[in-house]
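Hello,

Here is the structure you asked about. My notes follow below it.

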Amino acid sequence: VLAVVVTVTAALSVSAQSQAAEPLQSLVPVPVSVQARTGVTHSLTANTKIYTAPAARDVGNFLAGVLRPSTGYALPVSDTTGTPTDGISLLLTGAPGSVGQQGYQLDAAAGAVVIRANTSEGLFAGVQTLRQMLPAKVEGTTVQPGPWTVPGALIVDHPRFSYRASMLDVARHFHPVASVKRYIDQLALYKINYFHLHLTDDQGWRIQVDSWPRLTTHGGSTQVGGGPGGYYTKAQYSEIVQYAAARKITVIPEVDLPGHTNAALASYAELNCNGQAPPLRTDIEVGYSSLCVNKEITYQFVDDVVREIAALTPGPYFHIGGDEAHSTSDADYQTFMNRVLPIVKKYGKTALGWHEFVKTTTDTATIPQYWGTTTSNAVVQAAAARGHKVIMSPANKAYIDQKYNSSTPLGLSWAGLIEVQDAYGWNPGTHLSGVPETAVLGVEAPLWTETLATSRDLEFMAFPRLAGHAELGWSPWSTHNWDSFKVRLGAQGPRWTTMGINFYKSPQVPWD
Ligand code: TNX
């Protein structure tokens, strides 16, 4: 009995003590360096002002947009060219060199919070850290009682990899613009800076192409399970691109070719080798469809599609798919890519593709996305040796559409059951033999939607694993530690609850 009493007392005093320091120990992704200013705090008040370098006004407005609803404060945003001694400043001067193009320094002192970076992207990353230093209720959409206290600290931080992404499949189940924006908001929380949009597949074509209108009017008219499907108009796609850009996220459109094309083949008979349009498909088979490699119209089609979508896409990348082309012969696949990769280049974009496409090219500007389940892959290893950068999405680790365990109600399981610790337990810089860290562009977590129809479904599969992949992409490997991560992850729970995120309450995580 005595022992129990002592233990409880100790536990209470630890948690009481850790109240003030807690946010600094709860950051995801964990920063490169955090020095607590012991005994120092900074409080937001009704008089707090936000000051920004003129070129970072948008980041200041974003921060004000996060803080105003819950604090109820006015938080006026104004330009500064100096170093204010009050409020929150977002400055493009004076950052240490180590923060590079995407990192930041955050100095929280009693008088002022000052974030410095070399770019507005860096400031935006610093703002995400500041959000996590405030109480979880700061994420509320209605006025909450304070106090709004930030622990005193000096944080210097930058990412391990420049590319940190998630993919959303809007083809298997269509996800409307509002759902896509909601997901983009969630990516921004964890410093993810690319959003890969899987726009086409066997079950649906989701982006308007003026020169081939039936792609959407017919090819977009259904989805897995036979529901009504849908598609984005060009204006809606641009709205998504702009919304992401305001969160320092670059959109990468994917048009999956030459397989995964039943929706296109069903929309235009002339794209089929036999001249006959197949019916639309609402099942989840893969590997049965292929564009007709030996018809010239196929390349007119690809040219039109790439031209129209590239014109709406300010980012540097265009993803051409290339996966599971099981009904395209190897020779045809080679012929097809030899024609298609130059089209992507002609419209000013760098080609990304699922890793198998890289066997067809020696252009080291192109980027394979590894999605296999083994730790050695000859095609990708050879590409890395030639000088290609590789995106790491090993399906048995990074696929956030896979079930957590055998009773997970949503998701698939072909790549394995992936609990939170499994998702976190790999090193992108050593995972694939012959693909050293220097050859890795970054990490991407794909969210396929054969079984996912709503935002609640997306969230249940993405959270909490997405936060782990974000940390694998951002934080130095020297900080990698499951016991530390699971506690920091548990501290995200109240934030997600406040934001209405439907997350999986994994028993592996000590949820706050
Ligand atoms: C494989 S991964 C696919 C997708 C499926 C996914 C489901 C890849 C490049 N292709 O077509 O949606 O598995 O997990």
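Which residues line the second largest cavity? They are Gln 128, Arg 131, Gln 132, Glu 139, Leu 189, Tyr 190, Gln 492, Arg 495 and Met 499. (On a 1 Å grid over the protein atoms alone, a cavity is a set of points where a 1.4 Å probe fits but cannot get out; lining residues have an atom within 4 Å of a point.)

This is a predicted model: local features need pLDDT of at least 70, side-chain atom pairs count only at pLDDT 80 or more, and totals for chains, interfaces and linings use all residues. Residues are numbered from 1 along each chain as its sequence is written, and side-chain values use heavy atoms, with hydrogens and water left out.

The bounds come from an automatic or database domain assignment.

The largest cavity holds about 120 Å³. Among its 13 lining residues, Glu 121, Ala 125, Arg 164, Lys 191 and Asn 193 are the closest to its centre. Both domains line the largest cavity too, so it also lies between them.

**Ligand**
Polar contacts here are pairs of N or O atoms within 3.5 Å. Asp 323 has a polar side-chain atom 2.8 Å from a ligand nitrogen. A side-chain N or O atom of Asp 401 is 2.7 Å from a ligand oxygen. For Gln 402, the distance from a polar side-chain atom to a ligand oxygen is 3.3 Å.

Best wishes

Terms used. A polar contact is a pair of N or O atoms within 3.5 Å; within protein, one must be able to donate a hydrogen and the other to accept it, and residues adjacent in sequence count only if both atoms are side-chain atoms. On a 1 Å grid over the protein atoms alone, a cavity is a set of points where a 1.4 Å probe fits but cannot get out, and a pocket is an open set with protein on both sides within 12 Å along at least five of seven lines; lining residues have an atom within 4 Å of a point. Grid points are joined across faces, edges and corners, and a volume is the space filled by probe spheres set on the points.
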